[in-house]
Amino acid sequence: MIAPALPDADLRDLNTLHLPARAARLQPVDDATDLPSLTEALLQRGERILVLGGGSNIVFAADFPGTVLQMRTRGIELLAHDGCTVRVAVAVGENWHDWVGHALDQGWYGLENLALIPGTVGAAPVQNIGAYGVELVDRLERVEAWDMQDRRWLDLTVADCAMSYRDSVFKRRLAGRAIITRVVFRLSTRPEVRADYADLQRELAACGVTSPTPRDVFDAVCAVRRAKLPDPAVIGNAGSFFRNPVLPADEAARLLAAHPDAPHYPATDGAVKFAAAWFIDRCGWKGTRRGDAGVHDRQALVLVNHGQATADQLLKLAADIQASVRERFGVDIEPEPLIVG
Ligand code: EPU
(Lines give C-alpha, C1' and ligand atoms only; values in the text may rest on other atoms or scores of the structure.)
Protein backbone atom coordinates (compact mmCIF):
# COMPACT_ATOMS: atom_id res chain seq x y z
CA MET A 1 0.00 0.00 0.00
CA ILE A 2 1.42 3.34 -1.04
CA ALA A 3 1.13 5.92 1.74
CA PRO A 4 -1.05 8.91 0.76
CA ALA A 5 0.68 12.11 -0.33
CA LEU A 6 0.49 15.01 2.10
CA PRO A 7 -0.64 18.27 0.43
CA ASP A 8 1.00 21.64 1.19
CA ALA A 9 3.67 19.99 3.32
CA ASP A 10 5.96 21.87 5.70
CA LEU A 11 9.59 21.11 4.85
CA ARG A 12 11.22 22.99 7.75
CA ASP A 13 11.86 19.86 9.76
CA LEU A 14 12.87 17.88 6.67
CA ASN A 15 15.95 19.99 5.93
CA THR A 16 18.82 20.24 8.40
CA LEU A 17 19.24 23.98 7.76
CA HIS A 18 15.65 24.27 9.06
CA LEU A 19 14.80 26.77 6.33
CA PRO A 20 11.11 27.57 5.96
CA ALA A 21 9.65 26.06 2.77
CA ARG A 22 6.62 24.10 1.63
CA ALA A 23 6.06 21.43 -1.01
CA ALA A 24 2.85 21.16 -3.01
CA ARG A 25 2.89 17.45 -2.10
CA LEU A 26 5.02 15.21 0.08
CA GLN A 27 4.93 11.56 -0.97
CA PRO A 28 6.50 9.02 1.40
CA VAL A 29 8.15 6.06 -0.35
CA ASP A 30 8.37 2.96 1.84
CA ASP A 31 8.87 0.39 -0.91
CA ALA A 32 11.21 0.95 -3.86
CA THR A 33 9.07 -1.27 -6.12
CA ASP A 34 6.39 1.46 -5.96
CA LEU A 35 8.66 3.91 -7.78
CA PRO A 36 7.81 2.97 -11.40
CA SER A 37 4.04 3.46 -10.99
CA LEU A 38 4.44 6.42 -8.65
CA THR A 39 6.83 8.39 -10.85
CA GLU A 40 4.97 7.50 -14.04
CA ALA A 41 1.72 8.89 -12.63
CA LEU A 42 3.47 12.09 -11.52
CA LEU A 43 5.24 12.61 -14.84
CA GLN A 44 1.98 11.99 -16.75
CA ARG A 45 0.52 14.89 -14.77
CA GLY A 46 3.53 17.02 -15.71
CA GLU A 47 4.52 17.22 -12.09
CA ARG A 48 8.01 18.22 -10.94
CA ILE A 49 9.71 15.65 -8.70
CA LEU A 50 12.35 16.15 -6.03
CA VAL A 51 13.93 13.26 -4.14
CA LEU A 52 14.66 13.91 -0.49
CA GLY A 53 16.75 11.85 1.91
CA GLY A 54 17.78 13.34 5.23
CA GLY A 55 17.69 16.89 3.82
CA SER A 56 21.24 17.52 5.00
CA ASN A 57 22.66 18.75 1.70
CA ILE A 58 19.87 20.92 0.38
CA VAL A 59 18.93 24.61 0.52
CA PHE A 60 15.25 25.32 -0.02
CA ALA A 61 15.44 28.78 -1.58
CA ALA A 62 11.73 28.71 -2.40
CA ASP A 63 8.66 26.55 -2.01
CA PHE A 64 8.72 23.44 -4.20
CA PRO A 65 5.74 23.47 -6.60
CA GLY A 66 5.75 19.71 -7.24
CA THR A 67 6.01 16.42 -5.38
CA VAL A 68 8.80 15.71 -2.93
CA LEU A 69 9.52 11.98 -2.70
CA GLN A 70 10.61 11.21 0.84
CA MET A 71 12.67 8.02 0.65
CA ARG A 72 11.96 5.93 3.76
CA THR A 73 12.89 2.41 2.59
CA ARG A 74 14.79 0.33 5.15
CA GLY A 75 16.84 -2.85 5.13
CA ILE A 76 20.40 -4.15 5.32
CA GLU A 77 21.17 -7.34 3.36
CA LEU A 78 24.42 -9.30 3.47
CA LEU A 79 24.84 -10.39 -0.15
CA ALA A 80 28.14 -12.24 0.00
CA HIS A 81 30.95 -13.08 2.37
CA ASP A 82 34.07 -14.32 0.62
CA GLY A 83 37.48 -14.39 2.23
CA CYS A 84 38.00 -11.09 3.98
CA THR A 85 35.36 -9.21 2.01
CA VAL A 86 31.65 -8.69 2.55
CA ARG A 87 29.21 -7.19 0.12
CA VAL A 88 26.23 -5.56 1.79
CA ALA A 89 23.20 -3.90 0.18
CA VAL A 90 21.60 -1.09 2.16
CA ALA A 91 18.25 0.58 1.43
CA VAL A 92 18.44 4.32 0.89
CA GLY A 93 16.21 5.35 3.80
CA GLU A 94 18.62 3.96 6.41
CA ASN A 95 20.30 6.63 8.50
CA TRP A 96 23.94 6.95 7.42
CA HIS A 97 25.57 7.11 10.85
CA ASP A 98 23.44 4.23 12.21
CA TRP A 99 24.55 2.10 9.26
CA VAL A 100 28.22 2.97 9.92
CA GLY A 101 27.78 1.91 13.57
CA HIS A 102 25.96 -1.28 12.57
CA ALA A 103 28.71 -2.24 10.10
CA LEU A 104 31.33 -1.73 12.80
CA ASP A 105 29.34 -3.88 15.26
CA GLN A 106 29.20 -6.67 12.65
CA GLY A 107 32.97 -6.50 12.12
CA TRP A 108 32.55 -5.04 8.61
CA TYR A 109 35.29 -2.45 8.44
CA GLY A 110 36.04 0.52 6.23
CA LEU A 111 33.38 3.12 7.01
CA GLU A 112 34.70 4.34 10.38
CA ASN A 113 36.14 7.58 8.97
CA LEU A 114 32.69 8.47 7.66
CA ALA A 115 31.02 8.30 11.08
CA LEU A 116 28.54 10.99 12.13
CA ILE A 117 27.92 12.38 8.65
CA PRO A 118 24.29 13.53 8.73
CA GLY A 119 21.76 12.22 6.23
CA THR A 120 20.66 8.95 4.70
CA VAL A 121 22.45 6.16 2.85
CA GLY A 122 20.77 7.19 -0.41
CA ALA A 123 22.31 10.65 -0.37
CA ALA A 124 25.85 9.33 0.10
CA PRO A 125 26.60 8.42 -3.54
CA VAL A 126 25.19 11.68 -4.92
CA GLN A 127 27.98 13.83 -3.56
CA ASN A 128 30.43 10.97 -2.91
CA ILE A 129 30.61 11.83 0.79
CA GLY A 130 34.09 11.92 2.22
CA ALA A 131 35.85 12.72 5.47
CA TYR A 132 39.14 12.11 7.27
CA GLY A 133 40.90 10.46 4.35
CA VAL A 134 38.13 8.17 3.07
CA GLU A 135 35.51 8.76 0.37
CA LEU A 136 32.41 6.66 -0.29
CA VAL A 137 33.88 5.63 -3.67
CA ASP A 138 36.62 3.72 -1.79
CA ARG A 139 34.01 1.43 -0.22
CA LEU A 140 31.39 1.30 -2.96
CA GLU A 141 30.53 -1.75 -5.07
CA ARG A 142 27.32 -0.83 -6.92
CA VAL A 143 24.35 1.51 -6.87
CA GLU A 144 20.82 0.44 -7.77
CA ALA A 145 18.42 3.11 -9.03
CA TRP A 146 15.16 3.69 -10.89
CA ASP A 147 15.64 5.79 -14.03
CA MET A 148 12.31 7.60 -14.34
CA GLN A 149 13.22 9.09 -17.71
CA ASP A 150 14.10 5.81 -19.48
CA ARG A 151 11.68 3.86 -17.25
CA ARG A 152 14.17 1.14 -16.28
CA TRP A 153 16.10 -0.13 -13.29
CA LEU A 154 19.80 0.70 -13.26
CA ASP A 155 22.54 -1.41 -11.70
CA LEU A 156 25.55 0.88 -11.77
CA THR A 157 29.16 -0.14 -11.20
CA VAL A 158 31.55 2.18 -9.41
CA ALA A 159 32.93 3.24 -12.81
CA ASP A 160 29.38 4.04 -14.02
CA CYS A 161 28.95 6.31 -10.98
CA ALA A 162 31.83 8.52 -12.28
CA MET A 163 32.76 9.68 -8.82
CA SER A 164 35.30 12.31 -7.96
CA TYR A 165 35.67 14.82 -5.12
CA ARG A 166 32.10 15.72 -4.00
CA ASP A 167 30.79 14.73 -7.42
CA SER A 168 29.13 11.84 -9.26
CA VAL A 169 26.98 10.93 -12.26
CA PHE A 170 23.94 11.61 -10.01
CA LYS A 171 24.84 15.32 -10.01
CA ARG A 172 25.41 15.26 -13.76
CA ARG A 173 23.99 12.94 -16.46
CA LEU A 174 21.53 11.22 -14.12
CA ALA A 175 20.53 14.34 -12.16
CA GLY A 176 16.76 14.70 -11.92
CA ARG A 177 16.10 11.26 -13.40
CA ALA A 178 17.77 8.48 -11.35
CA ILE A 179 16.27 7.69 -7.94
CA ILE A 180 18.78 5.69 -5.93
CA THR A 181 17.15 2.71 -4.20
CA ARG A 182 20.00 0.62 -2.75
CA VAL A 183 23.71 1.14 -2.20
CA VAL A 184 25.97 -1.93 -2.23
CA PHE A 185 29.15 -1.66 -0.14
CA ARG A 186 32.33 -3.73 -0.28
CA LEU A 187 33.79 -3.87 3.23
CA SER A 188 36.57 -5.82 4.89
CA THR A 189 36.38 -8.21 7.83
CA ARG A 190 40.08 -7.54 8.42
CA PRO A 191 40.69 -4.28 10.30
CA GLU A 192 42.48 -1.80 8.05
CA VAL A 193 42.56 1.67 9.52
CA ARG A 194 43.17 5.02 7.86
CA ALA A 195 44.31 7.39 10.58
CA ASP A 196 46.78 9.67 8.78
CA TYR A 197 44.52 12.78 8.79
CA ALA A 198 46.12 15.34 11.13
CA ASP A 199 43.00 15.97 13.25
CA LEU A 200 42.58 12.22 13.77
CA GLN A 201 46.20 11.70 14.73
CA ARG A 202 45.92 14.49 17.29
CA GLU A 203 42.75 13.02 18.78
CA LEU A 204 44.15 9.47 18.93
CA ALA A 205 47.38 10.72 20.53
CA ALA A 206 45.38 12.71 23.09
CA CYS A 207 43.56 9.46 23.98
CA GLY A 208 46.88 7.61 24.27
CA VAL A 209 46.07 5.30 21.34
CA THR A 210 49.17 4.18 19.44
CA SER A 211 47.87 1.36 17.21
CA PRO A 212 44.23 2.26 16.57
CA THR A 213 41.48 -0.28 15.96
CA PRO A 214 38.53 0.57 13.69
CA ARG A 215 36.53 1.32 16.87
CA ASP A 216 39.23 3.79 17.98
CA VAL A 217 39.05 5.54 14.62
CA PHE A 218 35.25 5.65 14.79
CA ASP A 219 35.40 7.18 18.29
CA ALA A 220 38.09 9.67 17.26
CA VAL A 221 36.14 10.79 14.18
CA CYS A 222 33.03 11.28 16.32
CA ALA A 223 35.01 13.30 18.87
CA VAL A 224 36.63 15.53 16.22
CA ARG A 225 33.32 16.14 14.45
CA ARG A 226 31.50 16.89 17.73
CA ALA A 227 34.23 19.40 18.64
CA LYS A 228 34.28 21.21 15.28
CA LEU A 229 30.98 20.76 13.51
CA PRO A 230 27.56 21.91 14.73
CA ASP A 231 24.95 19.20 15.39
CA PRO A 232 22.07 19.94 12.98
CA ALA A 233 19.60 18.82 15.67
CA VAL A 234 20.81 21.75 17.78
CA ILE A 235 21.80 24.39 15.23
CA GLY A 236 20.66 24.29 11.62
CA ASN A 237 23.40 23.61 9.06
CA ALA A 238 24.15 21.58 5.93
CA GLY A 239 27.73 20.61 6.71
CA SER A 240 30.33 22.28 4.51
CA PHE A 241 28.51 24.97 2.55
CA PHE A 242 31.30 25.23 -0.03
CA ARG A 243 33.42 22.68 -1.88
CA ASN A 244 37.17 22.91 -1.48
CA PRO A 245 38.43 24.47 -4.74
CA VAL A 246 40.65 22.31 -6.95
CA LEU A 247 43.01 24.41 -9.07
CA PRO A 248 45.15 23.40 -12.06
CA ALA A 249 48.90 23.20 -11.34
CA ASP A 250 49.84 26.61 -12.80
CA GLU A 251 47.12 28.53 -10.94
CA ALA A 252 47.96 26.64 -7.75
CA ALA A 253 51.63 27.58 -8.06
CA ARG A 254 50.72 31.28 -8.50
CA LEU A 255 48.45 31.18 -5.47
CA LEU A 256 51.03 29.41 -3.32
CA ALA A 257 53.72 31.90 -4.31
CA ALA A 258 51.53 34.68 -2.92
CA HIS A 259 50.14 32.67 0.04
CA PRO A 260 52.63 29.94 0.97
CA ASP A 261 50.74 29.12 4.17
CA ALA A 262 47.48 28.17 2.39
CA PRO A 263 46.64 24.55 3.35
CA HIS A 264 46.63 22.38 0.22
CA TYR A 265 46.64 18.74 -0.83
CA PRO A 266 47.56 17.01 -4.10
CA ALA A 267 44.60 16.16 -6.35
CA THR A 268 44.55 14.18 -9.62
CA ASP A 269 46.56 15.20 -12.72
CA GLY A 270 48.85 17.61 -10.87
CA ALA A 271 45.91 19.71 -9.70
CA VAL A 272 45.87 21.00 -6.14
CA LYS A 273 42.97 21.09 -3.68
CA PHE A 274 42.87 24.08 -1.32
CA ALA A 275 41.02 24.47 1.98
CA ALA A 276 38.08 26.81 1.36
CA ALA A 277 37.69 27.13 5.14
CA TRP A 278 41.11 28.76 5.36
CA PHE A 279 40.27 31.37 2.69
CA ILE A 280 36.95 32.18 4.39
CA ASP A 281 38.60 32.30 7.80
CA ARG A 282 41.34 34.63 6.50
CA CYS A 283 38.69 36.96 5.12
CA GLY A 284 37.43 37.28 8.70
CA TRP A 285 34.09 35.52 8.36
CA LYS A 286 34.38 32.89 11.08
CA GLY A 287 31.71 33.39 13.74
CA THR A 288 30.00 36.20 11.78
CA ARG A 289 26.29 36.55 12.40
CA ARG A 290 23.77 38.54 10.38
CA GLY A 291 20.41 38.12 12.00
CA ASP A 292 20.03 34.38 12.33
CA ALA A 293 22.26 33.52 9.36
CA GLY A 294 25.87 32.94 10.30
CA VAL A 295 29.24 31.30 9.84
CA HIS A 296 30.06 28.63 12.40
CA ASP A 297 32.58 29.80 15.01
CA ARG A 298 34.69 26.62 14.87
CA GLN A 299 34.63 25.75 11.14
CA ALA A 300 34.42 28.60 8.64
CA LEU A 301 33.13 26.29 5.88
CA VAL A 302 29.84 25.72 7.65
CA LEU A 303 26.97 28.20 7.41
CA VAL A 304 24.42 28.02 10.17
CA ASN A 305 20.83 29.00 10.85
CA HIS A 306 20.63 30.24 14.42
CA GLY A 307 16.84 29.94 14.32
CA GLN A 308 14.76 32.07 11.97
CA ALA A 309 17.12 32.69 9.05
CA THR A 310 15.55 32.70 5.59
CA ALA A 311 17.14 31.20 2.50
CA ASP A 312 17.58 34.73 1.09
CA GLN A 313 19.62 35.80 4.13
CA LEU A 314 21.72 32.67 4.02
CA LEU A 315 22.36 32.86 0.27
CA LYS A 316 23.23 36.58 0.51
CA LEU A 317 25.77 35.74 3.20
CA ALA A 318 27.15 32.94 1.01
CA ALA A 319 27.41 35.29 -1.99
CA ASP A 320 29.26 37.92 0.07
CA ILE A 321 31.68 35.27 1.31
CA GLN A 322 32.31 34.09 -2.25
CA ALA A 323 32.91 37.67 -3.43
CA SER A 324 35.38 38.40 -0.65
CA VAL A 325 37.37 35.20 -1.26
CA ARG A 326 37.46 36.01 -4.98
CA GLU A 327 38.63 39.55 -4.29
CA ARG A 328 41.33 38.66 -1.78
CA PHE A 329 42.63 35.38 -3.22
CA GLY A 330 41.33 35.33 -6.82
CA VAL A 331 39.69 31.97 -6.10
CA ASP A 332 36.10 30.95 -6.85
CA ILE A 333 34.45 28.78 -4.23
CA GLU A 334 31.23 27.00 -5.14
CA PRO A 335 28.33 25.99 -2.88
CA GLU A 336 28.19 22.28 -2.09
CA PRO A 337 24.49 21.69 -1.27
CA LEU A 338 21.78 21.45 -3.90
CA ILE A 339 19.97 24.79 -4.09
CA VAL A 340 16.28 24.29 -4.92
CA GLY A 341 14.25 27.17 -6.34
N1 EPU B 1 40.69 25.75 8.54
C2 EPU B 1 40.75 27.10 8.82
N3 EPU B 1 39.68 27.68 9.43
C4 EPU B 1 38.57 26.98 9.78
C5 EPU B 1 38.52 25.60 9.50
C6 EPU B 1 39.61 25.01 8.86
O7 EPU B 1 41.73 27.76 8.51
O8 EPU B 1 37.63 27.57 10.29
C9 EPU B 1 41.83 25.11 7.89
C10 EPU B 1 42.39 24.02 8.81
O11 EPU B 1 43.39 24.52 9.59
C12 EPU B 1 42.87 22.97 7.84
C13 EPU B 1 42.04 23.18 6.60
O14 EPU B 1 41.37 24.42 6.72
O15 EPU B 1 44.21 23.19 7.51
C16 EPU B 1 41.06 22.05 6.37
O17 EPU B 1 40.14 21.99 7.44
P18 EPU B 1 39.40 20.63 7.87
O19 EPU B 1 40.40 19.57 8.12
O20 EPU B 1 38.44 20.96 8.96
O21 EPU B 1 38.63 20.14 6.58
P22 EPU B 1 37.83 20.91 5.44
O23 EPU B 1 38.60 20.82 4.19
O24 EPU B 1 37.40 22.25 5.88
C25 EPU B 1 36.62 18.76 4.59
C26 EPU B 1 35.24 18.32 4.22
C27 EPU B 1 34.45 17.99 5.49
C28 EPU B 1 35.17 16.88 6.22
C29 EPU B 1 36.60 17.35 6.55
C30 EPU B 1 37.42 16.26 7.18
C31 EPU B 1 34.68 19.44 2.16
C32 EPU B 1 33.85 20.47 1.47
N33 EPU B 1 34.55 19.35 3.47
O34 EPU B 1 36.52 19.98 5.30
O35 EPU B 1 33.19 17.50 5.06
O36 EPU B 1 34.49 16.52 7.40
O37 EPU B 1 37.28 17.74 5.34
O38 EPU B 1 37.78 15.31 6.21
O39 EPU B 1 35.41 18.71 1.49
C40 EPU B 1 30.94 18.16 4.58
O41 EPU B 1 31.16 17.87 3.40
O42 EPU B 1 29.82 18.57 4.95
C43 EPU B 1 32.01 18.05 5.55
C44 EPU B 1 31.87 18.44 6.81
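This is a predicted model: local features need pLDDT of at least 70, side-chain atom pairs count only at pLDDT 80 or more; totals for chains, interfaces and linings use all residues.
Is E144 buried or exposed? Keep that one in mind for a minute.

Over the whole structure, the search turns up 30 salt bridges. I will go through a few of them.

Start with E144. Its side chain forms a salt bridge with R142, at 2.9 Å from N to O. E144 and R142 are both buried.

E144 also has a salt bridge to R182, again given as 2.9 Å, N to O.

E144 has a relative accessibility of 15%, so E144 counts as buried; the cut-off for that is under 20%. R182 comes out at 23%, and therefore counts as partly exposed.

These contacts belong to a network. Salt bridges link E77, R142, E144, D155 and R182.

Now to another pair. R290 makes a salt bridge with D320, and the closest N and O atoms are 2.8 Å apart. This pair, too, links distant parts of the chain. R290 is in strand 17, residues 289-290, while D320 is in helix 7, residues 311-329, and they are 30 residues apart.

How exposed are these two? R290 has a relative accessible area of 33%, which means partly exposed. D320 has 21%, so D320 is partly exposed as well.

Note on methods. Residues are numbered from 1 along each chain as its sequence is written. Side-chain values use heavy atoms; hydrogens and water are left out. A salt bridge is a side-chain nitrogen of Lys or Arg within 4 Å of a carboxyl oxygen of Asp or Glu. Buried means under 20% relative accessible area, exposed over 50%, partly exposed in between (1.4 Å probe, protein chains only). Helices (H or I, at least four residues) and strands (E, at least two) are DSSP runs, numbered from the N terminus.
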